[in-house]
Amino acid sequence: MNLRTLDRVSPADARPRPPAPAGPPLPLTAAQAAMWSARPADTAGFLEIHGPVDPGLFARALHRTVTEAEALRVRIVTTADGLRQVPMALEPLDGTAAVPRTAPVPGPYAASHKAAGSPVAPPRALVPSGVHRPLRLPFRVADLRDRRTPDASALAWMRGDLEEPLGLVDGPLFRHALLRVGDRRWLWYQRAHHAVLDGYGHLLVARRVAEAYSALATGAEPGPSSFGPLAALVEEDAAYRASGLRERDRAHWLGEFADRPEVPTLAGRTAPAARTPLRRTARLAPGTADRLRHLAESVRATWKDAAFAAQALYLARATRSDVVVLGLPVMGRTGSVALRVPGMAVNVLPLRLTVTHDTTFAELTHQVVTGIRAARRHQRLRHEDIRRDLGLTDPDRALAGPRVNIVPLSDGPAFAGARSDLHTLAAGPVDDLTVHLHDRADGTGLRIDYEANPALYGQDALDAHHTRFLDLLTRLADSDPHRPLADLDLATDAERDRIRAEFNDTAVAVPPTTLIGPVEARAARTPGAPALISASGTLTYAELGTRANRLARHLRTLGVRPGAFVAVALPHSPELVVALLAVLKAGGAYVPLDRPEPDGDLVCVLTDRAGRAALPDTRIPVLALDDSGLVAGLAAYLPTDPGRALTPQHPAYALPGAAPVPHATVDNRLRWTQSRYRLAPGDRVLCTGSSAPELFWPLREGATLVLAEPGADGVARTIRQHHVTVAHFTPTTLAEFLAEPGAAACTELRDVLSGGDELPRATADAFHRTLPGTRLHQLYGQAVAHHTSEPGATGPLPIGRPTWNTRLYVLDPAGRLCPPGVVGELYVAGERLATADTEPDPYGPPGARMHRTGVPARWRDDGSIDRAGPLR
């Protein structure tokens, strides 16, 4: 952005002062060294000044302050003795000092950074030539009142400036700008490398500039500065590092974190610090802020302690962790000398807190109060030293999670009576998430800013965390601090309503039919259409129905009726299809087995001669469907559909060791499958298993069921030979099919459904490479959720969205709804739930039940569910 220059400061107004002499090179303090090695490491903000400002007087006040603030006027160089900071003289303020340049003048580091597109280490092998050249005050002035949105234009320019690195070799290591956005409103932009100035240092500089400006505005000379010399800060740091106090602090932190606890974060991973973090800001209403203060006072704490405890609670709930570690920024200034030197001393300490569902807010706040008190007694040992002493050398292993920065007042100093408000743009490196809590003296409440690393958070995720935290603070302010925290959850009212009314909007009225009824109705309408194709030939709907009807009538004579179970142990063959249809036609429920295993609850076993020979002695009737005597005897039965008193609530099948699945559940699933993937007469559907959707879906819709041929390349050959358009697989059989040489030639496939276990991303990627024109769908579990794979997507496939008349919940350990993005445990609910292992569903209609899966999961914002990492 080009900035229009204000009138130049006249030489008469400038009143140049003699430059400060350059001082001797000084070592870096431990705090400075840590920030110098950090990438990126700038602090920035602006003061919003409400009133008239004279740019010429302001330039004089700023120049005078920079002259007095030795830490700002340094160049950091490499010498034979290591890194050194060299205090520099400041050029006199002449008549053009307040004229802004339209873009930063890059030093060698800035130029290399811009060319490479990412931070690089500044050259430090040599002391740059001209290092003793005086510094020019980097100050711009611009009038933006002619812009459509002056404030937005100013913010865009400031953020753009933050994207341009400072000149780390030639300096200076700070920048300022004065931007006019209204007739009586100005924004004073301040930026500095974190190695030379921290937040407290910025405040010291701002107060001195305001003091000097206010004096100059009355025609008086400013009084003497109270700033201490930079050398005093360096000496104080060196004395501490050589003292017994450091060993005492080291022993404290080693004891506090002897077990090296896992440190949960909201992102669940790490990334390099961001130059420009994402931001979200909002205010807590004054009334809510007052109630939060009263809540804190009731447990002998301050609002700062309560807000800190609330962030610990939020992190614990969002990560299912009983132990959390927050970052506690502290001034790092314990002596009177450090309090008077604008420089870098801030430290970040780890604050460990235990947050269980039995913990009360009063107890958690007490942990915060005592923890902060202990941390401050040992605040001078650097964060980097604690990491090293604990052996945390892995950069992916964090010492602390989100940082909580308490800013006591957000009101800036007055400039000749014009008040100012402080706004933060960058508070140094943002590794993960930083929470800034601002108190205000004007009664407008608490301001809460979130800064996040964009490599770890998207803006939507950051906004959601921020909104939930404000909602949590509001509910805490109105709560009993002595009740267990299990009574509070993370989801907002809007999120709870969205999960129940939008994500789980799956109610669809289906007719009260059975699994077998539509199969028989289809056969009556299209008796001559092909129903089943296998290696042994083709059966029409009439032929398949005749065989199944005769067997069903025989089963009736053996006692098969609604509610009875029949084991079916047959290879993948037409006989398997006939047997399953016959059991259903007789009114019974089938139990598919890999091999016959007689059970006292079974009426009979359907198998073949090989299976019968493998059976031990049993009193249960065993029918070998390839026995010539049985085949001859079945011919005597009528070929028509047998009558039966079957209802949708009767069981249709039961997997070994699982609860029976009623007809209504299977019928609901097949009606949803048809509505989603649409079979028509003429479609041919490949079946590789014995599940109801695979076998009966095509027979209900007039399509043709195709059984895969055995042998190498058998599946691909079957698909090509019989022009299969839809295929069912499990993830394992799908991977095997894709490995067949002829898989890529199966181009008539329109849809492939993968059911049962979760589909690995590698298999999905291989599928899209092999068959780019075919759709791939994952059906999770008993088709309680569905997802269509997108080519080019990354990461694990989602579990998906709930299907008809199914509800999915992600619950925390207390059984409360988790909001999107927060990991919990997956529960499945619905009127047609196919399991006996259920418990009451508190979020469904009266009498509803739900099933606990044990699967860690989280909602996506689009209403689908992801599988997450292991539950804590």
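**Figure 1. S214 sits in helix α6 (residues 199-217).** Helices are DSSP runs of H or I with at least four residues, numbered from the N terminus. The model is predicted; local features need pLDDT of at least 70, side-chain atom pairs count only at pLDDT 80 or more, and totals for chains, interfaces and linings use all residues. Residues are numbered from 1 along each chain as its sequence is written, and side-chain values use heavy atoms, without hydrogens and water. With a relative accessibility of 23%, S214 counts as partly exposed (buried is under 20% relative accessible area, exposed over 50%, partly exposed in between; 1.4 Å probe, protein chains only).

**Figure 2. Surroundings of the S214 side chain.** Leaving aside residues up to four places away in sequence, S214 touches A414, F415 and A416 (contact: heavy atoms within 4.5 Å). Between S214 and A414 there are 200 residues in sequence, but 8.0 Å in space from C-alpha to C-alpha. The side chain of S214 reaches the backbone nitrogen of A416 at 2.8 Å. A polar atom of the S214 side chain also lies 2.8 Å from the backbone oxygen of A210.

**Figure 3. Helix α15 (residues 517-525) and its cover.** The buried residues in α15 are P518, V519, E520, R522 and A523. Their cover includes α16 (541-557), α17 (574-585), α20 (663-677) and α21 (692-701). An α-helix has 3.6 residues a turn, so residues three or four places apart point the same way.

Key
Helix = DSSP H or I, 4+ residues; strand = E, 2+ residues; numbered from the N terminus. Polar contact = N/O pair within 3.5 Å; in protein donor to acceptor, adjacent residues only side chain to side chain.
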